[in-house]
Amino acid sequence: MESKPKLVVIGIAGGSGSGKSTFADLVLANLDDADLAVIRHDAYYRPLDHLSLAERKKVNFDHPDSLDTDRLIRDLSTLRSGQAVDIPEYDFNQYTRKSTVQRLELPSVLIVEGILIFGEARLRELLDMKVFIDTDDDDRLIRRLRRDISERGRTLEEVLHQYQTTVKPMHLEFVEPSKRWADIIIPHGGRNKVGLDLISRKLHMLLKRDYPEELHV
Ligand code: CTP
């Protein structure tokens, strides 16, 4: 019997609204029959049930401390050891974690996606390939405005206030500098055809196990 290939983990980082989810979803669509899963760092935002909704809205969600990255690192290590994990679920409308979890069995390829995933050395070490989606700031703000108003229950004023007070300064302090850790930088957002083709083909090769374990470089 053929043994299951070793887990391959691809990290996709980039600023808020850069198109990470779009990119990950399109890679999944290109490999629709494949044994592939996505974990979003967003799922690991810390629970804020002890705060009122008004207080939760004031939290800086773009600072690394707002996320339980230790739990993500533990879950990735567990998957690497061959076991399934329970991924937390997050509710953006309530600004806190849901009480439910999602069971994730060991896939062959795992995409880990988030604005801050390249900033933590222990997390970087668990990523076999690091891709940074590099999108112009104005395009990111436009995407964020549309999404936060239509999907995350925010007002125009709330989105702009949050962008200026936390999203932009934290992007400059933590997200943009983390680009230095990327293996591949993909410009123009999540629909970059050449970038999608490159990563999808690479994963296709890995899944077919038609690729050398050790590269000569
Ligand atoms: N965030 C928020 N409210 C919360 C928790 C997080 O507004 N309660 C915001 C943070 O401000 C952070 C953003 O969620 O900037 C992270 O999600 P983002 O990267 O924008 O979304 P993705 O869909 O993961 O990525 P992309 O837009 O690139 O597809």
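With how many C-beta neighbours inside 10 Å does His 188 count as partly exposed? The number is 16, since a residue is called buried if 20 or more other C-beta atoms, placed from the backbone, lie within 10 Å of its own, exposed if 12 or fewer, and partly exposed in between. His 188 sits in the loop between β7 and α7, and its phi is near 70 degrees, a positive value in a residue other than glycine.

The model is a predicted one, in which local features need pLDDT of at least 70 and side-chain atom pairs count only at pLDDT 80 or more, while totals for chains, interfaces and linings use all residues. Residues are numbered from 1 along each chain as its sequence is written.

Let us turn to the sheet. Helices (H or I, at least four residues) and strands (E, at least two) are DSSP runs, numbered from the N terminus, and two strands pair if DSSP finds at least two bridges between them. An open sheet of 5 parallel-paired strands runs in the order β2-β5-β1-β6-β7. Its edges are β2 (36-40) and β7 (184-187), each pairing on one side only. Strands β1 (residues 8-13) and β5 (residues 109-113) share 5 bridges in the parallel sense, with Val 9 opposite Leu 110 in β5.

Tyr 95 is buried, because 22 other C-beta atoms lie within 10 Å.
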